Amino acid sequence: MASEPSSQKTLGGLVDDAAAELLVRENIAWMLDLAERLLRDRGLAEDVVQESLISALRGLGDFKGESALKTWLHRITTNTAISKLRKLKRVAEESIDDYLPVFDQNDCRLELPWTQLVSLQELLETEEIREHVAKGISTLPDSYRIILQLRDIEGYSTAETAELLELSTDNVKVRLHRARSALKKLLEPALRGEMQI
Amino acid sequence: MIMRRIKGFMLKRMHGMITCREFEDFVLSYLDDTLPPNQRKRFEWHMKICRECRDYLAAYQRTIELGQSILAADDKPLPDDVPEDLVQAILDARGR
């Protein structure tokens, strides 16, 4: 969220048509990409971006410039996408217990022995593995996936994620850990170098 | 099986030690570097003697790195062309 688009120069006053168009054109592609990552649906992503940009253009006078314009737009898009997920009831509770670590009666971890853990570099070299990871993340229920995406991929802090999702920070931490653990389980064939390519 | 039972027995009774289940509860705070020093020490002691938890943590960390590397927003090239109908719909709706 680093570079500032030239349309920010118009902030602080009314935005004319040309400046509004510039703001839309400079930001629409990454906002669509973000919304699609969060919603996993291109049509819904377009609705969310449309709503977000209209809301941003109408509220531009209220933008204080305390954060970068892109950060502000990122937040609006994320908020709108989460509202959309809520309306669609896609953040409803679903269990991921089957993918979580297991322990014996003495509280010892039951984990298959790891004879190898494939390096990150090797894992990133293969297109099939990249697809496998993207698929693994999209396999997680939305109530867990969205936390993993906000915290680990979009770069929001635990407190910010909690605020966006209207959850306690403890709840975010528990869900993030469960989401990561479940994803580890789903990606194990690739991590162990056992995936057939 | 017997070794695991002995390990479980030891971890539950040895002073200053934590079980694998307790280790699990500390993973997130350990990686966020927010574990209090005393708990951090116990966590690291556990890792020294428990291969399963050590391997688990390494795979857990690799999972995070992999997800971040593959899905990081900045990595992906964005399309040059913007969807014109969407741009127009936004600009038209702006004045309403």
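This is a predicted model: local features need pLDDT of at least 70, side-chain atom pairs count only at pLDDT 80 or more; totals for chains, interfaces and linings use all residues.

Visitor: How many residues of chain B and chain A are in contact?
Guide: Contact means heavy atoms within 4.5 Å. By that rule, 49 residues of chain B meet 54 residues of chain A.

Visitor: What is the area buried between chain B and chain A?
Guide: About 4,900 Å², with carbon and sulfur atoms giving 65% of that area. Buried area is the accessible area (1.4 Å probe) that two parts lose on being put together, summed over both.

Visitor: Why is the pair Arg151(A) and Asp32(B) called a salt bridge?
Guide: The rule asks for a side-chain nitrogen of Lys or Arg within 4 Å of a carboxyl oxygen of Asp or Glu. Arg151(A) and Asp32(B) are 3.3 Å apart, N to O, so the pair qualifies. The count between chain B and chain A is four salt bridges.

Visitor: Which elements of chain B give two or more residues to the side that touches chain A?
Guide: They are α1 (2-13), α2 (20-31), α4 (51-71) and α5 (84-94) of chain B; helices here are DSSP runs (H or I, at least four residues), numbered from the N terminus. The largest share, 18 residues, comes from α4(B).

Visitor: Now chain A itself: where do its domain 1 and domain 2 lie?
Guide: Domain 1 spans 6-87 and domain 2 spans 97-191, with bounds from an automatic or database domain assignment. Their centres, taken over C-alpha atoms, are 29 Å apart. The contact takes 11 residues from domain 1 of chain A and 14 residues from domain 2 of chain A, and the two domains bury about 1,200 Å² between them, 48% of it on carbon and sulfur atoms.

Visitor: What makes Arg40(A) and Asp142(A) a salt bridge?
Guide: Their closest N and O atoms are 2.7 Å apart, and that value is within the salt-bridge limit, so the label holds. Across the interface of domain 1 and domain 2 of chain A, the rule finds three salt bridges.

Key
Residues are numbered from 1 along each chain as its sequence is written. Chains are lettered from A and ligands numbered from 1 in the order in which they are written. Side-chain values use heavy atoms; hydrogens and water are left out.
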